[in-house]
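Reader: Could you walk me through this one? I'd like to start with the overall fold and then get to the packing.
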Amino acid sequence: MNESHPMPSQVPPLTPTQGDDLSRQPSLWKRALLVALRGFLSFVGLALLLLLTFVVLRIPPLKAMQTLWEGAFGSAEEGHWYALSATLVQTTPLLLTSLSIVIAWRAGLFSIGAQGQLLIGALAATALARIGEHWPAVCLQAGMLAVGVTGGAIWGWIAGWLRTRRNVQEVISTIMLNYIAQYLVSWLILGILREKGGHLSESETLPGPVLFARLIPMAWSDGIQTSLHTGVLFALIAVPVIAVLLFRTPWGFELRVLGQNAEAARVARYPSNGLRLQAMTLSGALCGLAGVIELLGSSTGSLPASGFAYGVGFTAIPVALLGGLHPIGILFSSLFFGALTQGSRNLEQNAGVSSVLIYIIQAVAVLTVVGVRAWQARHTTGETE
Amino acid sequence: MSVIGGAVLGTVTMATPLLLAALGENVVQKSGVVNVGLEGMMLTGALMAIIGTQWTNNPYLGVVVAAVAGAIIALLFGLFAVRLGANQVVVGVVVNLMALGLTGTLSRALYGKQQSFLTATPLPHLLWNQTLLTLLALVATPMLWWWLNRTRGGLELRACGEQPIAAEASGVPVLRVRLMAVLFGGMMAGIAGACLSVGDVPTFNEGMSAGRGFIALAIVTSGRWNPWGCLCAALIFGCMDQLGVQGQALGVNLPHDLLLALPYVVTLLILLSSSRFSQAPASLGRPYRRA
């Protein structure tokens, strides 16, 4: 390829440097398999890391692993549906927010604004619920989803606009927007959107028909109400949609070229700033969707003034990185962290292990992956030169 | 003391941690590295200052412990972002996450869930309600400006940020210079964190740095990578922080939550108006690999 189309000397060729490839494209399945394999190896590594952490903290490791596992997937005595539902409920927002991170980071935009975009999505939906109190349930639900997605998209667009028009680095602007979103939520929820009694620091509860329906019939789980709701379907549909968008459309190709080599995108006359703006908007929209789904999938549908979906937007980054910034990989990594989040609640209750521990495990895992890749990249470039 | 005088001194108090962290980051960025992990290093510094003070019964030694802790986290950052040449922003984000987890686990493990125990002797006020750290920040500003712009070491550091290949060719060990800069930045961030805990109300809360590390990043950008610019920007941001905390006492008629959001809004507005024509070092954020 390089012989037939010589590149201008100052532009690095479009060949991959880090295992990702734009020039040669094996089939989607082969790629998916590779990503899955990498995911499996990560999984084994993570399990070892967990064991090591328990050993360091002097918690009996096997007992702790069992508690963790039963919290996430249930046990033979207590049945599996309840725990499994809870795990999938934890996975849903992680999946959507980490997909959002994938879109932004693939475009070379290091957005850390998932949390703020998620909050704005939930806030916009809550505001609509107050306006449309007497609407039919189906209309209100659809409206809330639409408004939430729009809200998140606007919040993402702001960061994109700041980057493309004013050269403000998205790393800083998205963090600022996160804090602004948080204070906006607490101001409005404690103000005009507060529940009518005025006792609780949250918005009005939503009527049952507006909330998402439960997926697992009570008969399966011995009459216990499980928490898995139809919101998980949105997340599962979003995965192939984003995968196709990124890897099977010209738009996705241009986006990935931009992210890997902005100079190449400029020379190829791709609309770089337009792509950045679109990526940030889409990224925000996915987080907005995650926010509404968290709201409509909860048991009451009320938005608290603080602590809503705590940590989801930040966990999304390690989830996306461990999933290899690939939608299929993320399916696995979000399931892993969903299970870890749910399992660690059980661990906190039964073994008194702090749930902040997850952050350390996430960080060490990502540092390992990042370190190995950087080392590989160095190694391979050393060989070719 | 008059209300205005109190507000001015409050501004200086609030600006001190921001200035300390920003001065460190200024040096780091001049060497061509973006350290987004500033927030995590400040957070670690805040906790370690408390723990160090409790160990030694001396808040000044607590500050030293915080500086060392910041440098240790920075060493980790430098290992991945400088030595291995991984993406600096990715490593920075992960370092923040790790610091959040480490400080959270450590503080909970040490003191149980009631965080009220987590106190220590505060730094004494020397003059006008200011601690030694304010003096340190104010002295460091001209010194760093002089070092960066008037000494051979400063020139070499700037060369690493502008043209690392040329710097290496003329005998400057780029990776070592960048690593030293990162360690210095981590040390300053640790001291800035100490400023938040033992320099102010000597307690630790999870996530207490509350985005100040990122505001410090914004200060470096809007201060145009110049220590004097950082001083001016830090004072503006300190003023906003002060308004956020005491706005209602000063008679600003805005809801409390919106006042608290003020520093973040102002950060965006200042960046919006100042970043258009960037004067960033030419190789900022680009990993350097020795050929």
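Author: Of the 291 residues in chain B, 58% count as buried, where buried is taken as 20 or more other C-beta atoms, placed from the backbone, within 10 Å of the residue's own. This is a predicted model, in which local features need pLDDT of at least 70 and side-chain atom pairs count only at pLDDT 80 or more, while totals for chains, interfaces and linings use all residues. Residues are numbered from 1 along each chain as its sequence is written, and chains are lettered from A and ligands numbered from 1 in the order in which they are written.

Reader: How many helices and strands are there in chain B?
Author: Chain B has 11 helices and 0 strands, these being DSSP runs numbered from the N terminus, with at least four residues of H or I for a helix and at least two of E for a strand.

Reader: And what radius of gyration does chain B have?
Author: Chain B has 19 Å, which agrees with the value near 19 Å that a compact globule of 291 residues would have; the radius is taken over C-alpha atoms, and the globule rule is 2.2 Å times the number of residues to the power 0.38. The C-alpha trace of chain B spans about 55 × 40 × 30 Å along its principal axes.

Reader: Now helix 4 of chain A: at what angle does it pack on helix 6 of chain A?
Author: Helix 4 of chain A and helix 6 (residues 170-190) of chain A pack at about 30 degrees with their axes 8 Å apart, the axes being lines fitted to C-alpha atoms over the stretch in contact and the angles running from 0 to 180 degrees between N-to-C directions. That makes helix 4 of chain A roughly parallel to helix 6 of chain A, a label for angles under 35 degrees.

Reader: What about helix 11 of chain A, which residues meet there?
Author: A114(A), Q115(A) and L118(A) in helix 4 of chain A meet V312(A), G313(A), F314(A) and A316(A) in helix 11 of chain A. Helix 4 (residues 114-131) of chain A and helix 11 (residues 312-322) of chain A pack at an angle of about 135 degrees, with their axes 7 Å apart.

Methods: Contact = placed C-beta atoms within 7 Å. Parallel < 35°, antiparallel > 145°, perpendicular 65-115°, else oblique. Buried ≥ 20, exposed ≤ 12 C-beta atoms within 10 Å, placed from the backbone.
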